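These are my notebook entries on a set of look-ups in one structure. I began with the ligand and then went on to a helix and several single positions.

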Amino acid sequence: AAELTGRVAVVTGSARGIGLSIVRLLAERGASVVVTDINVEAGESSAAELRKEGHNAIFIAADISKETDVIQLIATAIDKLGSIGILVNNAGIVSTGPVTDIDLQHWQRLIDIDLTSVFLLVKAVLPHMMERRSGRIINIASVAGLNGGGLLGNSCYAAAKGGVIAFSKGIAREAGQHGVTSNVICPALTETDMTASMPEAQRRRIIDAIPLGRAGKPNEVAAAVAFLASDDASFITGATLEVDGGFMRR
Ligand code: NAD
């Protein structure tokens with residue numbers, strides 16, 4: 001049997017981009033997967049595509065910044081597929097621009113979607129994982145959460161992602177004795193719809209700062225998630241894994 005056979009994985013923001021690559025790879029490794037996203041049309045069609053490829057995949061709509069949606073999402077996922085063994089907090093929005101241009105409403109939306117959602121999802125899933133004494137929590141932050149996001153001028157996004165990194169480490173400590181691991185992945189520039197509209201000059205500046213000389217691919221982030229979800233990573237928790245072409249080491 002494939003490595004993740006019998007495991008149920010929930011991947012937020014998996015209608016497209018990095019999330020879709022993650023959910024597809026976990027399904028290819030044998031997991032039953034929950035595609036969840038605020039974008040209903042894209043989410044439905046991504047789940048349908050996965051089923052066509054022969055995978056066990058369902059779509060559940062949720063705005064992960066809302067507690068009622070998150071509680072409903074987890075209850076439905078468990079009801080339809082069984083206990084959740086893998087939670088991947090991937091959904092997020094990016095925000096760029098000088099802090100003086102960002103109003104309080106925007107800041108709060110960013111924190112709600114990029115950081116509060118991770119708290120809500122972990123809070124909803126962790127009791128079930130602890131009860132079964134097994135579980136993998138994998139959070140997608142960003143190199144911006146490590147370095148302040150200087151190249152793009154995205155301090156607010158960096159603050160949210162920095163929060164995700166610290167939260168992941170804290171959860172590793174809290175949940176370790178219950179058999180649950182918690183790790184965080186920090187991608188650098190990755191080719192997705194989120195970054196497609198980035199001005200060429202900006203893209204060039206970032207790529208020039210990446211030792212491997214190119215942007216990452218969604219599959220390369222997915223591969224790191226699949227590793228952290230696998231038995232090979234059984235003794236890894238509280239780790240920060242940079243999938244960044246060397247960006248943080250330049
Ligand atoms: P994307 O915009 O292509 O996909 C994000 C998905 O999240 C979308 O399908 C969107 O509908 C969903 N989403 C947004 N708000 C939501 C909400 N409130 N509830 C539920 N779903 C919601 O983005 P991506 O490039 O695939 O990025 C995925 C993750 O990786 C994000 O957390 C992002 O911050 C992080 N990241 C991306 C890059 C990059 O260069 N692309 C770099 C570092 C980190």
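Entry 1. I first listed the residues around the ligand and counted 27, of which R16, D37, N90, Y157 and T192 come nearest. I note that the model is a predicted one. I then sorted the shell by class and recorded 14 nonpolar, nine polar and four charged residues.

**Entry 2. Polar atoms at the ligand.** I looked up individual atom pairs between protein and ligand. On the backbone side, a polar atom of I18 is 2.8 Å from an oxygen atom of the ligand. For T190, I likewise found a polar backbone atom 2.8 Å from an oxygen atom of the ligand. With D63 the pair involves the side chain, one polar atom of which lies 2.9 Å from a nitrogen atom of the ligand. I then checked how much of the ligand is covered: taken alone it exposes 830 Å², and the protein buries 93% of that.

**Entry 3. Helix α2.** I turned to α2, which runs over residues 40–52 and has 13 residues. From its first C-alpha to its last I read 18 Å, close to the 18 Å expected at 1.5 Å a residue. Which residues of α2 are buried? I found G43, S46, A47 and L50. Viewed down the helix axis, the buried residues of α2 fall within an arc of 95°, so they line one face of the helix. I set this beside a general point: an α-helix has 3.6 residues a turn, so residues three or four places apart point the same way. On the other side of α2, I recorded E41 and K52 as exposed.

**Entry 4. Loop positions.** I looked up R133, which sits in the loop between α4 (104–132) and β5 (135–140). R133 is not a glycine, yet I read a positive phi of about 55° for it.

Next I placed G149 in the loop between α5 (144–147) and α6. Is G149 buried or exposed? At a relative accessibility of 7%, G149 counts as buried, because the cut-off for that class is under 20%. I also compared G149 with K217, which is 68 residues away in sequence, and found 19 Å between their C-alpha atoms.

I102 belongs to the loop between β4 (86–89) and α4. I recorded a relative accessible area of 17% for I102, and it is therefore buried. I102 and V33 are 69 residues apart along the chain, and I read 36 Å between their C-alpha atoms.

**Entry 5. Helix positions.** I found L115 in helix α4. With a relative accessible area of 23%, L115 is partly exposed. Its C-alpha atom is separated by 8.6 Å from that of G92, 23 residues apart along the chain.

I found G170 in helix α6. G170 and S182 are 12 residues apart along the chain, with 8.6 Å between their C-alpha atoms.

Definitions and conventions:
Residues are numbered from 1 along each chain as its sequence is written. This is a predicted model: local features need pLDDT of at least 70, side-chain atom pairs count only at pLDDT 80 or more; totals for chains, interfaces and linings use all residues. Side-chain values use heavy atoms; hydrogens and water are left out. A residue is near a molecule or strand if one of its heavy atoms lies within 4 Å of it. A polar contact is a pair of N or O atoms within 3.5 Å; within protein, one must be able to donate a hydrogen and the other to accept it, and residues adjacent in sequence count only if both atoms are side-chain atoms. Accessible areas come from the Shrake-Rupley method with a 1.4 Å probe; for residues, only the protein chains shown count as cover. Ala, Val, Leu, Ile, Met, Phe, Trp, Tyr, Cys and Pro count as nonpolar, Asp, Glu, Lys and Arg as charged, and the others, Gly among them, as polar. Helices (H or I, at least four residues) and strands (E, at least two) are DSSP runs, numbered from the N terminus. The expected span of a helix is 1.5 Å times one less than its number of residues. Buried means under 20% relative accessible area, exposed over 50%, partly exposed in between (1.4 Å probe, protein chains only). The arc is that of the directions from the helix axis to the C-beta atoms.
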